[in-house]
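Thank you all for coming.

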Amino acid sequence: MEQKWPQEIWLVRHGQSAGNVARDAAEAAAGHLIDIAERDVDVPLSELGIRQSQALGSWFAALAPNERPSVVLHSPYVRAAETANILLRRLERESLLAVVADERLREKEFGILDRLTTHGIAHKYPELYAQRQHVGKFYFRPPGGESWCDVILRLRSVLDTITREYCGERVLIVAHQVIVNCFRYLIERLDEASILAFDRAGDVPNCSVTSYAFDPHAGKRGKLVVRLVNFVAPLEASGTPVTVGKDVPSAPKA
């Protein structure tokens, strides 16, 4: 029976960004607005985020050549692209089948809630805050932004591309927290309650790895099975601090 899936998929959240740092400061001070001038797409890695990416790059480089990624897909947002480029320096980019910046892997769009803290949303848009609390983050779409369902819709097409173009390859995806969670929803065939329970349990750590390997004996035709979830041992082994800050936009947990 012909295999349709990649041999392995790694999902990596970008390293700590300047936006993560600014958001943490704003939330700690109970502020309303996250103090960062760049567009969300342009927010770079922090100095620690660069170190985290380097630590993860060393881990990938230490894998046997036939176990390393052969394809790298990444969000075009600067913090994700910088993380991917640091990893690529350790992966011998010229030996890879493909390196692609794919806009479908971009961060969830928060629309008018962009750069607002939880306090800021409740203060500036109390009706939206209440609506979101009622509907839940899976289905709630802020004006000008996306729901988790919207993100999942674009990621379905990413999976179609992966199965069509990279069957049997080892695919590394570098993106954002919501992207990692929404891929988990699709690959693990979860429901709303399950993925939101994972989200409430804790943020996806920066430069953590969630991975899946193809098992020909799983299911009726073989499928991807979980190997790692929010794996941060590469950072811990190198003495690099682990961080779990959200990306720049902020909203309360569902």
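Predicted model: local features only at pLDDT ≥ 70, side-chain atom pairs only at ≥ 80, totals over all residues.

A pair of aromatic rings is described by the distance of the centres and the angle of the planes, and I will quote both values for two pairs. The count of aromatic pairs here comes to five. One of them joins tryptophan 10 and phenylalanine 60, whose ring centres are 5.6 Å apart and whose planes stand at 85° to each other, an edge-to-face arrangement. Tryptophan 10 belongs to strand β1, residues 8-13, while phenylalanine 60 belongs to helix α2, residues 47-61, so this pair ties together parts of the chain that are 50 residues apart in sequence. Tryptophan 10 has a relative accessible area of 2% and is therefore buried, and phenylalanine 60, at 0%, counts as buried too.

The second pair I want to show is made by phenylalanine 138 and tyrosine 185, with 5.4 Å from centre to centre and 55° between the planes, which is classed as tilted. Because phenylalanine 138 sits in the loop between α5 (126-135) and α6 (148-165), and tyrosine 185 in helix α7, the pair ties together parts that are 47 residues apart in sequence. Both phenylalanine 138 and tyrosine 185 are buried. Going back to tryptophan 10, ring pairs link Trp10 with Trp59, Phe60 and Phe231 into a cluster.

Tyrosine 185 also brings us to the helix contact. The axes of helix α7, residues 177-187, and helix α8, residues 192-201, come within 10 Å and cross at roughly 145°, and the crossing is right-handed. On the α7 side the contact is made by Asn181, Arg184 and Tyr185, and on the α8 side by Glu192, Ile195, Phe198 and Asp199. Sorted by class, that contact has three nonpolar, one polar and three charged residues. Within this set, arginine 184 lies over the face of phenylalanine 198, at 4.1 Å from the ring centre. Elsewhere, lysine 108 lies over the face of phenylalanine 110, likewise at 4.1 Å from the ring centre.

Which residues does threonine 83 touch, if we leave out those up to four places away in sequence? They are His14, Gly15, Leu45, Ser53, Val174 and Cys207. Threonine 83 is part of helix α3, residues 78-90, and it counts as buried because its relative accessibility is 0%.

Conventions. Residues numbered from 1 in each chain as written. Heavy atoms only, no water. Helix = DSSP H or I, 4+ residues; strand = E, 2+ residues; numbered from the N terminus. Buried < 20%, exposed > 50% of the residue type's maximum accessible area, 1.4 Å probe, protein only. Contact = heavy atoms within 4.5 Å. Axes fitted to C-alpha atoms, helices over the stretch in contact; angles between N-to-C directions. Left-handed = near helix turned anticlockwise from the far one by under 90°. Nonpolar A, V, L, I, M, F, W, Y, C, P; charged D, E, K, R; others polar. Phe/Tyr/Trp six-rings, centres within 6.5 Å; stacked < 30°, edge-to-face > 60°. Lys NZ or Arg CZ within 6 Å of the ring centre and 35° of its normal.
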